[in-house]
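Trainee: I've got this model open and want to go through the ligand site with you. Can we take it step by step?

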Amino acid sequence: MDFGLKGRRALVMGASAGLGRACATALVKEGATVALCARGGDRLQATAEAMGAALAVPCDLSQPGAARALVREVVAKLGGVDILVINSGGPPPGGIESITDTQWQAGFQSLWMTAVDSIQEALPGMKAQGWGRIVLVTSTAAREALPNLTISNGLRAGLLGLVKTVSNEVGPHGITVNAALPGYHATDRMKDLGLTDEKVAPQIPARRLGRPEEFGALVAFLASEPAAYINGQSIACDGGALRGF
Ligand SMILES: NC(=O)c1ccc[n+]([C@@H]2O[C@H](COP(=O)([O-])OP(=O)(O)OC[C@H]3O[C@@H](n4cnc5c(N)ncnc54)[C@H](OP(=O)(O)O)[C@@H]3O)[C@@H](O)[C@H]2O)c1
């Protein structure tokens, strides 16, 4: 299948490692011109060079205004952003009594305002050309709360409402907005949370962690031309782990 992505300009956030890297790699392989961001300059630069990305922008998405400045810079350097993949580092675990106000604010800035700000900045260009793809990388926790991931569960559930609302608003302009929900994939984030294959695999119908490139393939498809009629959806890539329909 031809994804129709040759020459399309994509911005993938949080893409020096893990799922973001896999999304960016898949888009590069499909012929898109890809810009990446992450905080760490060295790893980011090396990743961008390894995959053949066009641009690497150091950016800390937990800082107010960072996502706006990032999109503006990429638009200025690539001439526009046709595909926006919103992704950032996961918030720390913890129960309701242990999480500090500072942690809530950081999570809100990083997960929520990054989505709002980057969508607002990217939309005018997408509307002007009558074509755009926005994919929010979130989590199956948006649909089924995971133990001890209070910040993630709370904010990500709300973000599905944002995706649905914005998809209704921008659909008439040839723009789709969808959420891609990873289950358990083998990345540094999973190691940091102590979620090993042995612990997690028995709960997953596929009986293994996902490979990041399996998730990247979903995101590349949602960004593609043939996915034009998929809008406002939340689609899991989780080996069947979500129990609900
Ligand atoms: N892996 C999974 O199975 C899974 C499941 C459900 C949800 N998720 C969610 O999906 C997202 C990505 O997860 P992952 O497993 O790919 O994580 P990861 O392996 O830790 O990679 C995170 C990426 O984001 C970058 N990043 C982190 N904080 C950032 C910030 N403040 N500003 C800019 N870039 C930042 C990191 O680079 P730097 O450190 O250099 O900035 C890295 O490139 C997270 O929100 C995570 O909670 C993951």
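Trainee: Which pocket does the ligand take up?

Mentor: Quick caveat: this is a predicted model, where local features need pLDDT of at least 70, side-chain atom pairs count only at pLDDT 80 or more, and totals for chains, interfaces and linings use all residues. Residues are numbered from 1 along each chain as its sequence is written, and side-chain values use heavy atoms, with hydrogens and water left out. On a 1 Å grid over the protein atoms alone, a pocket is an open set of points where a 1.4 Å probe fits, with protein on both sides within 12 Å along at least five of seven lines; a molecule sits there if more than half of its atoms lie within 2 Å of the grid points. The ligand's space is the largest pocket.

Trainee: Which side chain has an N or O atom 2.4 Å from a ligand oxygen?

Mentor: Polar contacts here are pairs of N or O atoms within 3.5 Å. Arg189 has a side-chain N or O atom 3.1 Å from a ligand oxygen, and a backbone N or O atom of Cys59 lies 3.4 Å from a ligand nitrogen. The 2.4 Å pair belongs to the side chain of Thr187.

Trainee: Which helix gives the largest share of the shell around the ligand?

Mentor: Helices are DSSP runs (H or I, at least four residues), numbered from the N terminus. H1 (18-29) and H6 (188-192) each supply at least two shell residues. The largest share, 3 residues, comes from H6.

Terms used. Polar contact = N/O pair within 3.5 Å; in protein donor to acceptor, adjacent residues only side chain to side chain. 1 Å grid on protein atoms, 1.4 Å probe; cavity = no way out; pocket = protein on both sides within 12 Å on 5 of 7 lines; lining within 4 Å.
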